[in-house]
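Please look over the sequence and the model below. A short report then walks through a few of its parts.

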Amino acid sequence: MGKLYFFSVVLLLCLSCKDTDKDSGLGEIKKVEFSAAKLPKKAPISPTASAILKDWVEFNAFEGSFEALYKAEGDEGLGLVMEDLVEKQKLLEESSFPADFDTPQIKSRLKVIKTYILKVRFRLEYRVDAVEAVIELARAYNAFRKQFTITVNSKLDTNILLDEKTQDL
């Protein structure tokens with residue numbers, strides 16, 4: 001019985017100490033530099049919405065900072081742009097929205113943008129590939145821009161839909 005136990009322990013040690021050539025890839029860090037060429041193009045804003053937005057100073061500052069994202073090169077440049085975007089996004093969120101754009105749809109898209117900005121920032125901080133997160137940020141920004149056009153073109157009065165009083169026909 002003792003011999004069987006001894007040989008099973010030796011066999012177990014030999015099998016567990018065997019070198020494996022399998023590459024798990026868990027310890028490897030892939031270094032990918034950011035390139036703005038992969039970003040989707042900015043969505044256009046309708047002329048009517050642009051006329052309203054031109055007087056909104058905080059939006060124009062945010063727009064300028066976001067334009068810098070398309071010109072950023074490398075992770076260091078992207079990090080600087082993200083810091084600037086965080087500041088401008090906070091100012092935009094705290095600003096007074098134009099009456100036409102003071103809607104939950106616009107504000108919720110701004111919160112989505114904030115989420116993606118923070119996601120990119122933390123991916124850069126932990127030196128993880130941030131390219132996919134930046135593309136998601138650009139898509140969220142395009143949805144934000146498109147919502148201005150949708151809001152201006154929508155003539156539906158939500159107060160009528162939300163009014164609990166029913167009118168007699």
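This is a predicted model: local features need pLDDT of at least 70, side-chain atom pairs count only at pLDDT 80 or more; totals for chains, interfaces and linings use all residues.

Residues are numbered from 1 along each chain as its sequence is written, and side-chain values use heavy atoms, with hydrogens and water left out.

**Helix α3**

Helices are DSSP runs (H or I, at least four residues), numbered from the N terminus. Helix α3 covers residues 57-69. Its 13 residues should span 18 Å at 1.5 Å a residue, and its end C-alpha atoms are 19 Å apart, which agrees. That expected span is 1.5 Å times one less than the number of residues.

Buried means under 20% relative accessible area, exposed over 50%, and partly exposed in between (1.4 Å probe, protein chains only). In α3, the buried residues are Phe59, Phe62, Glu63, Ser65, Phe66 and Leu69. They fall within an arc of 165° seen down the axis, so they line one face of the helix. The arc is taken from the directions from the helix axis to the C-beta atoms. These buried residues pack against α2 (47-53), α4, α5 (104-125) and α6.

**Two residues**

The side chain of Thr151 reaches the backbone oxygen of Gln147 at 2.7 Å. Beyond its neighbours within four places in sequence, Thr151 is in contact (heavy atoms within 4.5 Å) with Asp100, Phe101, Thr103 and Ile106.

Lys90 and Lys114 are 24 residues apart along the chain. Their C-alpha atoms are separated by 8.5 Å.

Technical notes:
A polar contact is a pair of N or O atoms within 3.5 Å; within protein, one must be able to donate a hydrogen and the other to accept it, and residues adjacent in sequence count only if both atoms are side-chain atoms. Helices (H or I, at least four residues) and strands (E, at least two) are DSSP runs, numbered from the N terminus.
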